[in-house]
Amino acid sequence: YRATQGTHIRSATYHVGTRATLSVIQDHVTQGTAQLAMAQLVTCAGHSRFNMHCLIQPGLQNDSWFDLLLEEPEAQAYLRGIYAHGQAAKLNIIAEQVHKAAHTTSEIQLNGCLAGQASADYQGRIHIATSAEHAVAA
């Protein structure tokens, strides 16, 4: 996805079926004064695995939402991201990991580099239902 000027919104929903594996690589590039809002919703069924690798490059402001829903036993979701921002760029990330079933695993790992007046804000929420025994979230 490549944005140039103005405000751009990108939304994606992924449903990973039973015993399926889905791997996604995303490159979000903003140039000039573009603002990018990105929303990702991932739903994982039993014995499924979701892998996402994303690169968030600088723009004036990037807002990103990641929701991982693990609804059946043995579902796994992994999100890896990297960002590099400089000057006065702003990055806002909101993530939610919801475990509704037992033996589920989710992990979000974002690494970044900031320079100048750039800033990054991360808000994460993990919810593990009482029925989701042995669930692991990081």
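1. In this predicted model, Glu71 is partly exposed, its relative accessible area being 36%, and the residue it pairs with, Lys100, is likewise partly exposed at 43%. The two form a salt bridge in which the closest N and O atoms are 3.8 Å apart; this pair counts as a salt bridge because the cut-off is within 4 Å.

2. Since Arg80 belongs to strand 7 and Glu107 to strand 9, the pair ties together parts of the chain that are 27 residues apart in sequence. Arg80 has a relative accessible area of 28% and is partly exposed, and Glu107, at 24% relative accessibility, also counts as partly exposed.

3. Glu96 and Arg125 meet through their side chains in a salt bridge, for which the N to O distance is 2.0 Å. Glu96 is in strand 8 and Arg125 in strand 10 (residues 119-128), so this pair ties together parts that are 29 residues apart in sequence. Glu96 is partly exposed, with a relative accessible area of 22%, and Arg125 is partly exposed as well, with a value of 44%.

4. As to the overall count, a search of the whole structure finds three salt bridges.

Methods. Residues numbered from 1 in each chain as written. Predicted model: local features only at pLDDT ≥ 70, side-chain atom pairs only at ≥ 80, totals over all residues. Heavy atoms only, no water. Buried < 20%, exposed > 50% of the residue type's maximum accessible area, 1.4 Å probe, protein only. Helix = DSSP H or I, 4+ residues; strand = E, 2+ residues; numbered from the N terminus.
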